[in-house]
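The sequence and the coordinates are shown first.

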Amino acid sequence: MSRTEAAMKKGPPSDWSQVVARVAKHRDYGAGHLWLDLEVPRSFHRPVPGQFVQLLLRAPAPVLLPRPMSIAAVSERGNRRVLGFLYGPVGIGTQALAQHAPGDVLEVLGPLGNGYPLDVPGTPVLVAGGRGVAPLLFAAEVLGRDDRRCEFFFGARNKAALVGLDDAHRQLDRHGGRLHLATDDGSKGMRGTVVDLLERAASRLPQPLVLHACGPHGMLEAVGKWAMRRGSPAFLAMESVMACGTGVCRGCPMPRSASNQARYLATRGDTPSLYGNAEYAMCCTEGPVFSAEDLDWERVD
Amino acid sequence: MPAAKSSLETRKPSVDLSVRIGPMTLANPVLTASGTFGYGDEYAHVMDVARLGGVITKTVTLEPRVGNAPVRIAETPSGMLNSIGLENVGLRRFISEKLPKLRSLGATVVASVGGETPRELERLLEALGPESGIAGFEINFSCPNVSKGGARYWAVPRRLEKTMRRLRPLTRTALIAKLSPDVTSVGDLAIACEQGGADAVTAVNTFVGMAIDLDPLRPKLNRTTGGLSGPSIKPLALARCHECARAVGVPVIGSGGIMNGRDALEFLAVGASAIQVGTVSFIRPRGAIEVLDEMTAFLAERGVKRLEDWRGGLLGNGESSSERRRKAGAGRGKE
């Protein structure tokens, strides 16, 4: 069953909530990035890797809409849950978020969307591009807790842009698993793209491979096409501009591939309308993790 | 979660908020704007939608629509642009799947319908007329994001009046016309709808707007323009709501940038009989209920017993809206 079909069968998402969150920790993460820990009540449904939340800044804020953000870690602390985020303050919203100090409050809506299907049998191959490492750090931790060894491929422009490299090391040291590095300029690991690295290493890994990736869309397209050529399943965390994050506003369409369209039409009766229509899947409810074969890459923005 | 059977105490407000819109009586003036609340069931797990004055559904068209290509959303200062393009499940699935769910929630349902021609609207009303559980229809005469049958097509008073005349005999439930603000005089459109038999007009839909990326240089939205909503349009919407309330005798439903109870009270003060909340529901799913609770608390604090006593306080000329209506009939408001 494809990722999309699995999502469709599940019914409309209704385990999210909007809660007040308190900044527990906010620290420099290197290379212009920040790590944010938010405490939420335990009533907030426990997220899985690949899911996201909508972070809403309290008024007065320079932005109106909440910011969708992937979850990089989850832990429990007494009767609180702690959600970890790794982000770069690159826009007005994230720059305002970066001003928040421990003790400050904001609002969190989630968990939203569908995470990586880490239970698909095979060797989990986690493929991260730059700050796309965030949900894969979380995935490596969850796999490690289940005593499953993963192969962690991490690529970026240069050594400095391998944000979270130390945490990736720590996760893999603790839980087992191997780190494979690539940089465009060769300043760390292999010189080349993460797909070049996959191409070189794939045959030496225990087959079959199951890829879980996050990064810029260009990288995800390359990873997805590489996986499709060799017949490996690939699950890609996509990004989109969003307003609501819950399927109501219809603002984040992702173009379906022909095969996905055919499956959609066959199962339309069971598919919640929140998931989209024959032409488009909603990134927030049917994604953000999509199977590579379910998207029409010619039309992905 | 507050279920439908919550205690009478919490459900019975100290202020009489009831509102009549033609043949329809709403428990309170807070409605969800079409396209911002799905088909009513999506947020049902975080709020009791039956507490709202009503739920206006996503606009339904005869055939399903897949909507516009991405990018559909752009944030702007204190607002957002959308170019969804009336994506909806179509009439058949609306009747078989969405209406039963809506009925089960106990909400007052207003079905928003959209068409490219008067004939399409007639067919929608003919098909939905026999369905139970629909308290009224809002005709979407003002979608800014479709190439046919959108705001520009319908922004012609004569066309609106003639269309309303054709629709009027098809239903005994409330008939509401949702108007575009991007016209010379929204009051003229409101008068045309009233003369065609509308029970109410909604002022207003989103404003046509644009946002640009500089690098690479291109519009942020795939379809170049979109509909602007959110706090940035509130003063514009308020003025148009006021204009409509002065122009017609039928109730006006105010809409545009209402984010909290105080915003809602401003629209009611300039003559709106009810209000719609939209963008806030994207940001805070419980936004509509919060607007209702804040509004109620504000009125109760000031000892206002009936919403009717608050309404229209700033309509103008020192007259209450009903007095003024009696004098003006269906005629144009005084300048």
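Which residue in strand 4 of chain A is the bridge partner of Leu55(A)? The bridge partner is Arg67(A).

## Basis of the model

The model is predicted: local features require pLDDT of at least 70 and side-chain atom pairs count only at pLDDT 80 or more, while totals for chains, interfaces and linings use all residues. Residues are numbered from 1 along each chain as its sequence is written, and chains are lettered from A and ligands numbered from 1 in the order in which they are written.

## Strands 3 and 4 of chain A

Arg67(A) belongs to strand 4 (residues 67-70) of chain A. Strand 3 (residues 52-56) of chain A pairs with strand 4 of chain A in the antiparallel sense, over four bridges. Two strands pair if DSSP finds at least two bridges between them; strands (E, at least two residues) and helices (H or I, at least four) are DSSP runs numbered from the N terminus.

From strand 4 of chain A, Arg67(A) and Met69(A) point one way, Pro68(A) and Ser70(A) point the other way, and all are buried. A residue is buried if 20 or more other C-beta atoms lie within 10 Å of its own, exposed if 12 or fewer, and partly exposed in between, with C-beta atoms placed from the backbone.

## Overall form of the chains

Chain A has seven helices and 16 strands, and its C-alpha atoms fill a box of roughly 50 × 50 × 35 Å along the principal axes. A compact globule of 301 residues would have a radius of gyration near 19 Å, so the 18 Å of chain A agrees. This radius is taken over C-alpha atoms, and the globule rule is 2.2 Å times the number of residues to the power 0.38. Of the residues in chain A, 53% are buried. Among contacts in chain A with a separation of 6 or more, 73% join residues 24 or more positions apart; two residues are in contact if their C-beta atoms, placed from the backbone, lie within 7 Å.

Chain B has twelve helices and 16 strands, and its C-alpha trace spans about 55 × 50 × 45 Å along the principal axes. Buried residues account for 56% of chain B.

## Domains of chain A

The domain assignment, which is automatic or from a database, gives domain 1 (17-112) and domain 2 (123-240) of chain A. Their C-alpha centres lie 24 Å apart. In the contact between them, 13 residues of domain 1 meet 13 residues of domain 2. Strand 1 (17-30) and strand 5 (73-77) of chain A each give two or more residues to the domain 1 side.

Helix 6 (residues 217-230) of chain A contains Val223(A). Val223(A) counts as buried because it has 28 C-beta neighbours inside 10 Å. Beyond its neighbours within four places in sequence, the contacts of Val223(A) are Val127(A), Val195(A), Leu211(A), Ala213(A), Ala234(A) and Leu236(A). The C-alpha atoms of Val223(A) and Ala234(A), eleven residues apart along the chain, are 7.8 Å apart.

## Contact between the chains

Chain B contributes 29 residues to the contact and chain A contributes 28 residues. On the side of chain B that touches chain A, strand 5 (73-76), strand 6 (79-82) and helix 9 (279-283) of chain B each supply at least two residues.
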